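Hello,

Here is the structure I said I would pass on. My notes follow below it.

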Amino acid sequence: MLLLPEFEYYEPTDMDTAYSLLDQLKSDGKIIAGGTDVLVNLKEGKIHPGCLISIARISGLSAIEKKGTEVVIGSQTLAAAIAESELIRVEFPILSHAASKLGSPLIRNRATIGGNIVTARPAADLIPPLMALGATIELRSKGGTRTLHLEEFLVGPGQTTINPNEILTKIVIPEAKPFSGGDYMKLGHRKSLEIAIIAVASVLTLDETGKTIKDAKVILSAVAPKAIHAVSAENELIGAEPTPELFEAAAVRAMSDCSPISDIRGGSEYRKEMVKVLTGKTLLNALDAARGGK
Amino acid sequence: MKKLISLNVNGTDYEVAVLPNRTLTQVLREELDLMGTKEGCGIGDCGACTVIMDGRPVNSCLVLAVQASGSKIETIEGVAQGNKLHPVQEAFVNLGAIQCGFCTPGMILTAKHLLESNPHPTERDIREAMSGNLCRCTGYQKIVEAVQEAAAQIKS
Amino acid sequence: MKYDVLNTRLPRVDARAKATGDARYADDLSMSNMLYGAVLHSPLAHAKILNIDTSEAKKLPGVKDIITAKEAGSIKFGVSPARYDETMFCVDKVRYVGDEVAAVAAVDYETAQKALSMIKVDYEELPHYLSVFDAMEEGAVTIHDDHPNNISAEVHNEFGDVEKAFAECDIIKVGTFSNKKQDGAFLEPQACLAHYDLNGNLTLYSSTQSVHYVQRTVAMVLNIPVGKVRVVKPYVGGGFGPKAAANSMELIACLLSMRTGRPVKMCFSREEVFMHSRARHQFFHELKVGAKKDGTLMAVQNKCYLDGGAYSSFGIATVYYAGSLLAAPYKLPNMKYDGYRIYTNKPAAGAQRGHGSVVARACMEQLMDQIAEEIGMDPIELRLKNIMEKDDVTCNYFNMSSLGARECLEAVRDGSDWETKRGNLPRGKGIGMAAAFYVSGAGYSIYRSETYHATAMVKLSEDGGTVDLYTASAEIGQGSDTTFTMIVAETLGLRYEDVHVHSGDTDFGIDLGAYSSRQTLMTGHAVKRAAEDLKRQILDVLAAEFKIPSGDMDIKESCIVFKNEPPDFSDIRIKYIKEHRGWLDHPEGDRLTFREAARIVYLKKGVIVGGGAYKPDELGGQFKGASVGTSPAYSCSAVVAEVTVDEETGQVTVDKLTDAHDCGFAINRTNVEGQMRDPFIWDWVKHCSRRSNLTRRGNC
């Protein structure tokens, strides 16, 4: 039996109580959402909070709603719920797909989108598509509210700019632009229960003729301390005509946008090579989706 | 400090006093004497600890008992009806989908849940739905066949 | 030959218990007043132990005992007496991260874990070696004092004359190969419950593959008479090799129970399972294979370094198997093997599924393919050209008492459509084959002895016409309980449901356990003999009763059958019904039922027990290590695999596998299929993960 260390546990039923608790406990208090990351880290001795605060019993944090020109996802929404959501499947198939690749079916039934973002593993599955979709997150505390893009929020492996007294409450994604489409691909030794060797999320937005790329996002993960834009790949793409040759060139650029390390999952050379392969493939699929979509 | 929690397990209500750091696996096994739920890894990688919680199969080793308070839990002990095996159990028994048996409770619960939500799964659906449950003995083929057989039996 | 019970698809005897959660594994057991034990592991790979201070830990409320080598002593144990190099706790130094240093018994696991963190150990670090080549270097510190250059064991064998043979070869292929160290990865971590009672009898419940080896080790290390040690295996969640020998945790639980007077339960976390390992070695083979241009295999030269980790475990046998089992299934007149098992400061490697032969086989098959390619021969044809047949003897004196290797090769060739597909698949797809070979039980027990390898008892119940089979064999998921139930049922002519198997308990006899693929063949023979003995006793009583020669009677479908006119058994029936007043299901019909006959046998004899025992004949040659690799029978197989290679990612998908095994006679067909399918997946995973190593060394 793998034991958990001792900790205190609170289950506030409203946000104000939650904020107060966090304020009091400072960095000794940690939010637990689903627990699939937090409990593993606790069991492995990687974190030692004196207190866990569950926000699962606070209502209103797990809805998926379209509000005007935005889709709002509550931070407590299960990865499984995102994968099962018709709304997400229609609006952002890339996010639906990524959610279906997170962990395993059992993990997805507990893991939350908020947890995946705050735990900020370099290979987190939901982060690349969210970044490619231009998502922002809302952080709230007793002191107020702030909204950040994920790029500003993520710092490094397991590190974000979240303050100890803040709670991630929702993720806001601007509605999909017309003629846009995306794809997320994750490379692993296994097809399930796998942390990516590398992963790529690409979203392309075309003009109404379909002959020019108005906007491109290529997000690489597991090749850096946090998910990153393949900036030179994106620059190569924007304003250009979408062709297989362009995508190949962009894929080569993406390789130079990252310096992956060698670790137990793969060597740096292989990872770089795979960045090229997955960038090329996701761009082709994104183009297909952009043309077939709205 | 212990907290009093209530769990409905296999249709029976329980009240248990637990420390916050006790997992659902521990409470089921040690407090409720339900040994069918196993711990193979403790970190959600093997699925031997699978239970159905509020209608979803989960790794009980990654659920705090306090998080589960108020929830409806189904363990392997709740699958058979008296001494009548569920079609999934029958199929596992008859088709050789059980060898050492340690993964079996988790496999059966996940399979049962799959068939309740998708009565006609393709082979791919089965493999994906059960991808969080590892088996070291069978190579999975007979497990997949057993789930297909169970689906056919339930249908008829 | 028609069988009533054998060769069918009867469901396993233990399937329902496993399907309902009724099956109890070691960690499911508990006893009142039980304590929980936990082990302090070394955090260093190689270090002297200067001092262990348990004083603070002892003061923690709830701690009942703390022990180290001081209390445990330093009696050495291991797997083979020739290499007893383990002690319950490290005495003067630790040899790998995970080595056992101390243990605590407390009122619960949390207290035990907390106490561990309060034990202070002073270490003096020593240089540590994580590669065989570093460990062997001149000047390397010895991990075990009596093993210079950290050579745990070495083997040098030559049969025939390889140098002369290579000189006559038209083709020689050379390759270097290595695999990744594997782990058994059984779902159930090791766990045990030890109970030392007030009469000095020790009972150990443990997740083990061999109650016999564990019993002997416990008795030896704790200095208790063997007769006062009982080892019982509950349901076991897989073993695959690593659980085939005693581990320190089992000894520790026993000692803590003896000292505290209370039952002590212990279990491994998954991390501890990995630290303990005793799983597949990493092998570094340099292989040279020579043949004539017509494909006749002439010679194999095999040099192998095994990364043994910190202790020997089964390794003394592994280092032999990595060479000896290449002598079959192809005719090979000349073979030279130099094997070196090296100690390193890593978890110890031991026996795992195929024990030493698997990686060597993979290497050999690749070089055979290269030879086939060079001489323009179909790879399967090359195998068939050299394949051994029944009664052939290898250059190292292994006798193929039966061998369906040719049939396996032909079956997979034809069943996979090999001839049409080979060379004709589109780009990115490939088809390949390999053959394999292994023992059905080691010819000799792991400790030098004339012991029987298996004993069995079959007891006739006094009533009800059922029999109980008692065997110390280990059902670990492979289906042995079911196999033996079927053998007894068939031999006695009874229904499968009327045989109750009781296994995995040293009280039931001697059985070497579940390893080396021995249970069906060896224990099966003992069980069959026991059932035959019982049958003889039954028929002898009936012969006297009816005044008919026992040879004119048989038992079939739970009835007595007579060669000639059945005798009048109305007296027997009347007596039976009289003795069962109130029952509703009295025997009726014109056949004498087994339960009626059994009742008479009981009334005449009182106690009716059949016994059977098995040990193989003397096998093998007379040279050093000749015994390793001997077996009363060998099994073999062949596989054709079709794969798709993604040329961009390097990922390989297995599209189809065609597999044929010579398993002798299939006792239970469903169970045989189940055993065939899984090794695939694991050998595949091994092969796949080997790719990176081959690429770094230059793929051959």
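In chain C, the C-alpha centres of domain 1 and domain 2 lie 36 Å apart. This is a predicted model, in which local features need pLDDT of at least 70 and side-chain atom pairs count only at pLDDT 80 or more, while totals for chains, interfaces and linings use all residues. Residues are numbered from 1 along each chain as its sequence is written, and chains are lettered from A and ligands numbered from 1 in the order in which they are written.

Chain C

The domain assignment gives domain 1 of chain C as 17–126 + 184–276, domain 2 as 150–183 + 278–443 + 620–697 and domain 3 as 452–614; such bounds come from an automatic or database domain assignment.

Helix H10 of chain C (residues 315–324) is mostly covered, with ten of its ten residues buried. Buried means that 20 or more other C-beta atoms, placed from the backbone, lie within 10 Å of the residue's own. Helices (H or I, at least four residues) and strands (E, at least two) are DSSP runs, numbered from the N terminus. The buried residues of H10(C), including Tyr320(C) and Tyr321(C), pack against strands S7 (151–159), S13 (282–291), S14 (297–309) and S15 (334–343) and helix H11 (357–375) of chain C.

Chain A

Chain A is divided into domain 1 (8–53), domain 2 (64–174) and domain 3 (196–292). The C-alpha centres of domain 1 and domain 2 of chain A are separated by 19 Å. Here 13 residues of domain 1 are in contact with 14 residues of domain 2. Helix H1 of chain A (residues 15–25) gives the most to the domain 1 side, with five residues.

Chain B

Chain B is assigned domain 1 (3–77) and domain 2 (87–155), with 22 Å between their C-alpha centres. Their contact takes 14 residues from domain 1 and eleven from domain 2 of chain B. Strand S3 of chain B (residues 50–53) supplies the largest share of the domain 1 side, three residues.

Chains A and B

23 residues of chain B are in contact with 24 residues of chain A. On the chain B side, strand S4 (residues 56–59) gives the most, with four residues. That side divides into nine nonpolar, eleven polar and three charged residues.

Regards

Technical notes:
Two residues are in contact if their C-beta atoms, placed from the backbone, lie within 7 Å. Ala, Val, Leu, Ile, Met, Phe, Trp, Tyr, Cys and Pro count as nonpolar, Asp, Glu, Lys and Arg as charged, and the others, Gly among them, as polar. A residue is buried if 20 or more other C-beta atoms lie within 10 Å of its own, exposed if 12 or fewer, and partly exposed in between; C-beta atoms are placed from the backbone.
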